[in-house]
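Please read the following report alongside the sequence and the coordinates.

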Amino acid sequence: MDDDTARPRGRGTDDALRSRWRDCLVAARRGAGGPDPMPYADNLLARWAEPQRKYHTTAHLAAVLDRVDTLAGHAADADAVRLAAWFHDAVYRPDRSENEERSAVLAERALTEAGVPAGTTAEVARLVRLTVTHDPADGDSNGEVLCDADLAILASPPKEYAEYAAQVREEYGFVPDETFREGRAAVLRQLLELPRLFRTPFGAAEWEPRARQNLLTELELLAR
């Protein structure tokens, strides 16, 4: 998993996340052998800890993995969804628009090298690319789980949601205020226009109402 954009952080990485990566990768191999999982974990965690990240950090990764676990019973292949969670923001530059595509390509290269079957690798890359729109097709249970897990932050209590919104603004600190407000408002409106923010039964029941209220509140604040 060589790449000049990140280097392993070594033994200072979060042991719990490293263990989760190991378990997920081994399960996704379906009994096949492969190289040591830990260098891949270290490389990914180094990416998630890059200094330009304020929201898209290892804390976000851990939260998405937790939510995937909550929704795992809905997925056709929960192991593929967990791997997609690891890769979905592995490449993240706020000033670039091709992050999801580059993250998907990274997944294709790394998982092939790591011994994951081709079908699972292709599914992981497809799921990563799906996070561009967060709009899975009907019946795409894996996509529904990943997108719901990624968007679950929108259903946070007001204080936590405000912290999330502030972190997103900090990531885009290089963007002038007026330009940011216009762009962020467009994103919020796009989300609100979706027939459903959450596609899993759990997400629709537990997260949808609060998420829509949070989005509307932020949109109102941006307009002031």
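A nonpolar core is here a set of buried Ala, Val, Leu, Ile, Met, Phe, Trp, Tyr and Cys residues joined through side-chain atoms within 4.5 Å, where buried means under 20% relative accessible area, exposed over 50% and partly exposed in between, with a 1.4 Å probe and protein chains only. The model is predicted, so that local features need pLDDT of at least 70 and side-chain atom pairs count only at pLDDT 80 or more, whereas totals for chains, interfaces and linings use all residues. Residues are numbered from 1 along each chain as its sequence is written, and side-chain values use heavy atoms, with hydrogens and water left out.

**Core and aromatic pairs**

The largest nonpolar core has 65 residues, and those with the most contacts inside it are Trp21, Trp86, Phe87, Leu111, Val124, Leu154 and Leu215. Helix α4 (residues 78-87) gives the most to this core, with 8 residues; helices (H or I, at least four residues) and strands (E, at least two) are DSSP runs numbered from the N terminus. Taking contact as heavy atoms within 4.5 Å, and leaving aside residues up to four places away in sequence, Val124 touches Ala80, Leu83, Ala84, Ala107 and Leu111.

Rings of Phe, Tyr and Trp (its six-membered ring) pair if their centres lie within 6.5 Å, and planes under 30 degrees apart count as stacked, over 60 as edge-to-face and the rest as tilted. The whole structure holds 8 aromatic pairs, among them the edge-to-face pair of Trp21 and Trp86, with 5.3 Å from centre to centre and 70 degrees between the planes. Because Trp21 lies in helix α1 (residues 15-28) and Trp86 in helix α4, this pair ties together parts that are 65 residues apart in sequence. Both Trp21 and Trp86 are buried, and together with Phe87 they form one aromatic cluster.

**The enclosed helix α7**

Since 11 of the 11 residues of α7 are buried, this helix is largely enclosed by the rest of the structure. The buried residues of α7 are covered by elements including α3, α4, α6 (118-130), α9 and α10 (201-206).

**Pockets**

On a 1 Å grid over the protein atoms alone, a pocket is an open set of points where a 1.4 Å probe fits, with protein on both sides within 12 Å along at least five of seven lines, and lining residues have an atom within 4 Å of a point. Grid points are joined across faces, edges and corners, and a volume is the space filled by probe spheres set on the points.

| Pocket | Volume |
|---|---|
| Largest pocket | about 970 Å³ |
| Second largest pocket | about 200 Å³ |

Of the 34 residues that line the largest pocket, His56, Glu100, His134, Tyr172 and Val187 are the closest to its centre. The lining of the largest pocket divides into 17 nonpolar, 11 polar and 6 charged residues, where Ala, Val, Leu, Ile, Met, Phe, Trp, Tyr, Cys and Pro count as nonpolar, Asp, Glu, Lys and Arg as charged, and the others, Gly among them, as polar. Helices α5 (99-113), α7 (141-151), α8 (158-171) and α9 (177-193) each supply at least two residues of this lining, and α9 gives the most, with 8 residues.

The second largest pocket has among its lining residues Pro158, Tyr161, Arg169, Phe180 and Glu218, and its lining divides into 7 nonpolar, 2 polar and 2 charged residues. Both α8 and α11 (208-222) supply at least two residues of the lining of the second largest pocket.
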